[in-house]
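Hi everyone, thanks for coming. I'll walk you through one structure today, so let's get it up on the screen.

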Amino acid sequence: MQIHGSAALVTGAASGLGAATAALLARLGAHVYGLDLEAALENTTTPTPGVTLLPADVTHEEPVQAALRRVRTDGAQLRLAVNCAGIAPSTRILGRRGPHSLELFRTVINVNLIGTFNVLRLAAAAIAEAEPDENGQRGLIVNTASVAAFEGQVGQAAYTASKAGIAGLTLTAARDLADHGIRVMTIAPGIVDTPLMASFSDEVRAGLADGVPFPKRLAHPAEYARMVAMFAEHDYLNGETVRMDGGLRMAPR
């Protein structure tokens, strides 16, 4: 599919994977609409050329619908949606303070899995309105899982469940949307050097990087963004979860 001239919706666009993806797609000529929580957008001081930032909680229907109405009002045709919004708290099922909080588990599932599905279903309806290309393709939706979907570590029960749900959703979503000419792909990153990682010491970061077979470093958000662009340009990729982890297989802790 053509990125240049198309509209793209990117969630979690205020920082990390979402910000890198929105910036790259804008440089490639897409009309990018970046969604994030209002508080996160308030901390975004440097606007990215070609990216329109809109406040939206991905777990609610109306803010996402409002963003899609804005795309239509601007006269752009949505062909690409990228789900980057997510949270990653760490709590053991049974810890010093007792059992895992059920409310926390619900919150992680709600943001990571239900939020992803909410955007996927609404974006799919918008993309389905586009004119198909000569191969019948209308667009692409990219979701974000994690290597934790396959090798969740100690304290990652909620996060692992949410990301495994996204990985499991991928093929079914691709099959559901095939008749509409919409492809669905998922990226499962390893350890990415996002703003969250900046809070860790150099020693901790070096230890994490040392566990990666090659290259022995943390992944860059820009590498995730390049995978999104590659998926868009490679029309025969569909219904698959692709790891981006340098060969990393997570240990129990």
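Let's start at valine 142. Setting aside its neighbours within four places in sequence, this valine is in contact with Leu80, Ala81, Val82, Asn83, Met185, Ile187, Tyr224, Val228 and Phe231. Oh, and keep in mind that what you're looking at is a predicted model.

So where does that valine sit? Val142 belongs to the largest nonpolar core, which has 31 residues, and is among those with the most contacts inside it, along with Leu25, Leu80, Val82 and Tyr224. Several elements each supply at least two residues of this core, including strand E1 (7-11), helix H1 (16-27) and strand E7 (139-144). Helix H8 gives the most, seven residues. There's also a second, separate core of 29 residues, and Leu35, Val119, Ala123 and Ala174 are part of that one.

Ala174 brings me to helix H6, where this alanine is one of the buried residues. H6 covers residues 157-177, and its 21 residues reach 30 Å from first C-alpha to last, close to the 30 Å expected. Still, H6 has a kink of about 35°, centred on threonine 170, and that threonine is buried too. What do the buried residues of H6 pack against? Helix H4 (102-127), E7, helix H5 (148-151), E8 and strand E9 (240-244).

Last stop, the largest pocket, with a volume of about 1,400 Å³. It's lined by 45 residues, and the closest to its centre are Gly86, Ile87, Ala88, Tyr159 and Leu196. Tyr159 is another of the buried residues of H6. The largest share of the lining comes from H1, with three residues.

Terms used: Residues are numbered from 1 along each chain as its sequence is written. This is a predicted model: local features need pLDDT of at least 70, side-chain atom pairs count only at pLDDT 80 or more; totals for chains, interfaces and linings use all residues. Side-chain values use heavy atoms; hydrogens and water are left out. A nonpolar core is a set of buried Ala, Val, Leu, Ile, Met, Phe, Trp, Tyr and Cys residues joined through side-chain atoms within 4.5 Å. Buried means under 20% relative accessible area, exposed over 50%, partly exposed in between (1.4 Å probe, protein chains only). Helices (H or I, at least four residues) and strands (E, at least two) are DSSP runs, numbered from the N terminus. Contact means heavy atoms within 4.5 Å. The expected span of a helix is 1.5 Å times one less than its number of residues. The bend at a residue is the angle between axes fitted to the seven residues ending there and the seven starting there. On a 1 Å grid over the protein atoms alone, a cavity is a set of points where a 1.4 Å probe fits but cannot get out, and a pocket is an open set with protein on both sides within 12 Å along at least five of seven lines; lining residues have an atom within 4 Å of a point. Grid points are joined across faces, edges and corners, and a volume is the space filled by probe spheres set on the points.
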